[in-house]
Amino acid sequence: IDDAGTKLKSSDAGAVLGAEIPTGTQATELVLPFELPPRSVAKIASLRGKLRALVPGRQVKFEFADIAKAAGKSQRRGGVEVTVDAVRLNSEIWEVHMRLRLDEDNRALESHRGWAFQNLSYLVDAQGEEIDNAGLETTMQSKSEVGVAYFFDREEGLDGLTWVYETPAAIVELPIEYELEDLTLP
């Protein structure tokens, strides 16, 4: 609503806007498409709306002991299930193929959302030393599930190693109502 009490018009009323917040940041910019008000309008008196934020729940750790023999095993924590589909040697690189399934279908795994590919995946040896992965590849994606192959460059093999995967226990939808007042226009 402008300073004369007139409603501002959206230039695309049916648009659904989205913003991906990179890990480690606490803010983002959103562009709200409005038709330009007349030059006589000096302020936006009130800008009100509602955001729908998808936020991670508490972090959980999945540990699959003796990963070389863990194909077909699943674990569940909170609203998340992790399954090891296959463990295999491809040339000189070991591949751990897994699936992450969310109980709630809140569109948290849509293809443009990259949070699932930032989850930690590593091996742990008998001495507790972490062995980081050498990369990953998406193998499948649906509304509630994503498949990833993690690569490990380890000529000694994977016998006796534990594979660890860390992810949020759930992705929670939070509605956020906001109102900004007295925004001076240029």
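**Labels and their rules**

Mentor: A polar atom of the Asn133 side chain lies 3.0 Å from the backbone nitrogen of Gly135. This is a predicted model, in which local features need pLDDT of at least 70, side-chain atom pairs count only at pLDDT 80 or more, and totals for chains, interfaces and linings use all residues. Residues are numbered from 1 along each chain as its sequence is written, and side-chain values use heavy atoms, with hydrogens and water left out.

Trainee: What makes a pair of atoms a polar contact?
Mentor: The two must be N or O atoms within 3.5 Å; within protein, one must be able to donate a hydrogen and the other to accept it, and residues adjacent in sequence count only if both atoms are side-chain atoms.

Trainee: Which backbone oxygen lies 2.8 Å from a polar atom of the side chain of Asn133?
Mentor: That of Ser121. Asn133 itself is in the loop between β7 (130–132) and β8 (136–141); strands are DSSP runs of E, at least two residues, numbered from the N terminus.

Trainee: Why is Arg76 with Asp103 called a salt bridge?
Mentor: The rule asks for a side-chain nitrogen of Lys or Arg within 4 Å of a carboxyl oxygen of Asp or Glu. The closest N and O atoms of Arg76 and Asp103 are 2.9 Å apart, so the pair qualifies. The pair links distant parts of the chain, 27 residues apart: Arg76 is in strand β3 (residues 74–77), and Asp103 is in the loop between β5 (93–102) and β6 (120–124).

Trainee: How many salt bridges does this rule give?
Mentor: The count comes to ten.

Conventions: Helices (H or I, at least four residues) and strands (E, at least two) are DSSP runs, numbered from the N terminus.
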